[in-house]
Amino acid sequence: MTANTFTTLGAAAILYMLAGCHQSTNQQSNKDTVEASYQKGTFGYDLEFLKQHDSVLILSSPSGSGQILVSPKYQGKVFTSTAEGLQGASFGWVNYEAFDAPLDPHMNAYGGEDRLWLGPEGGPFSLYFAEGEEMVYENWKTPAAIDTEAWILHTHTDRSASMTKDAEMTNYAGTVLNMGLKRDIEMLSREQIESDLNIRLNEHIKPVGFTTKNSITNLGDAAWTAETGAPCLWSLDMFLPTDSTVILVPYQEKGEGEVATTDYFGEIEAHRIHYDDGMLYFKADGKSRGKLGLSPHRAKAFAGSYDLGTGVLTVTTFTLDPEATYLNQEWTTAKDPFKGDAVNAYNDGPLADGGQMGPFYEIESVSPAAFLAPQESLAHVHNVYHFAGDKKEVASLLEQIFNIQVADIQSAL
């Protein structure tokens, strides 16, 4: 859905209030269907919790019981989704403790099944470190526009929402970047999910899917170049881990360099990762912190995960351009800033001091560098799908989409 454009802050504010009133009315009309309490882990539980902190938007699939929770207040996040209504499993990670905690100077991890960040995180054009500072955790700070500040809701329906945020950021090189950010989120019908993934669903499979179109516009007077530095769009999906969940990252078997960078936070333990016949398997139990990434020459335009216990299949798809320039996100200025990964996966785990943010796991995709002239824009599309229901039927989808079987996952890790 294309959002309306507003030329004044006043008009935007008026529309936001009207949209808020409309949403409150929708939520009130649904009050009788929302019970006072739900079991933790259900979509209803997360809805009730988030309603205490924000007027979240409830977007629903035009077919089936798929729903998602969207929050303009919390940077346009899709907090979570379900394939089976209020009593169904909630797929996104919500960090309940963060909402009432004091603001963290580094990052406020509220969670979110799909959130938008910007890169590069590290390197000579980093957006997370001030000019000249050592790239260590004590100096790391997430820009407020993607961490704590609310976004403007322009339009929404039962199926879609459009939000924007204007921001000014100064990168590590001292370049001031004036930007306009936009997120268009839309629920996908059963028929659209089938078309997107070239599959056929039957009554034994319960799906939910949504698409996010993220864009960035150069609102400044000067071009973003290799000399000034340029940002990139960064989609991150935070999901709930289990002892039986495995991340699946397909890769090009013939390509430049190693299949994956596996030492973002120290080398990933060998028993947690496995490569076989164009598929990378990565254990997603939330018990050991590790991150990996694939270059645009090695990555494919999809990834996902499978839970051997519940039989839930998760698929993410995204735009990918193997000929474009991707930014290095590592916390160093010693590497080529214009040679980075296009796809990442992260498994959370305890820190050195014993503390832990999650547990959760992430599947991430990034756009190429936004080398933009004034008023030019770059878009990055990132889609999320979940499939629950009959385990044999979902296993058949696993084979159709990833060309592997459940037995391959069982033997890999």
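Mentor: Let's begin with terms: strands (E, at least two residues) and helices (H or I, at least four) are DSSP runs, numbered from the N terminus. This is a predicted model, in which local features need pLDDT of at least 70 and side-chain atom pairs count only at 80 or more, while totals for chains, interfaces and linings use all residues. Residues are numbered from 1 along each chain as its sequence is written, and side-chain values use heavy atoms, leaving out hydrogens and water.

Trainee: Thanks! Which strand gives the most to the lining of the largest pocket?

Mentor: A pocket is an open set of points on a 1 Å grid over the protein atoms alone, with protein on both sides within 12 Å along at least five of seven lines; a lining residue has an atom within 4 Å of a point. The largest one holds about 900 Å³ of space, and the closest to its centre among its 32 lining residues are Met-107, Tyr-137, Trp-140, Arg-289 and Met-357. Two or more lining residues come from each of strand 4 (115–119), strand 9 (232–239) and strand 17 (361–366). With 3 residues, the top contributor is strand 9.

Trainee: How many charged residues does the lining of the largest pocket have?

Mentor: Asp, Glu, Lys and Arg count as charged, Ala, Val, Leu, Ile, Met, Phe, Trp, Tyr, Cys and Pro as nonpolar, and the others, Gly among them, as polar. The lining has 18 nonpolar and 5 polar residues, and the number of charged ones is 9.

Trainee: What volume does the largest cavity have?

Mentor: In a cavity, a 1.4 Å probe fits at the grid points but cannot get out. The whole structure has 1 cavity of 30 Å³ or more. Its lining includes Lys-77, Met-107, Trp-117 and Met-238, and by class has 6 nonpolar, 2 polar and 3 charged residues. The volume is about 50 Å³.

Trainee: What is the order of the open sheet of 5 strands?

Mentor: Strands pair if DSSP finds at least two bridges between them. For example, strand 13 and strand 16 (residues 343–347) are antiparallel over 5 bridges, with Gly-290 opposite Asn-347. The pairing in this sheet is antiparallel, and the order is 4-9-17-16-13.

Trainee: Why do the buried residues of helix 3 line one face of the helix?

Mentor: Buried means under 20% relative accessible area, exposed over 50%, and partly exposed in between, with a 1.4 Å probe and protein chains only. In helix 3 (residues 190–197), Ile-193, Glu-194 and Leu-197 are buried. They line one face because, seen down the axis of helix 3, they fall within an arc of 100 degrees.

Trainee: How many residues of strand 10 are buried?

Mentor: Thr-245, Ile-247 and Val-249 point one way, Val-246, Leu-248 and Pro-250 the other, and all are buried. The strand (residues 245–250) is mostly covered, with a buried count of 6 of 6.

Trainee: In strand 12, which residue is the bridge partner of Val-249?

Mentor: Strand 10 also pairs antiparallel with strand 14 (residues 302–307) over 4 bridges, where Leu-248 partners Gly-304. To strand 12 (residues 279–283), strand 10 is joined by 5 antiparallel bridges. There, the partner of Val-249 is Leu-280.

How values were computed
Points joined across faces, edges and corners; volume = space filled by probe spheres on them. Arc of directions from axis to C-beta.
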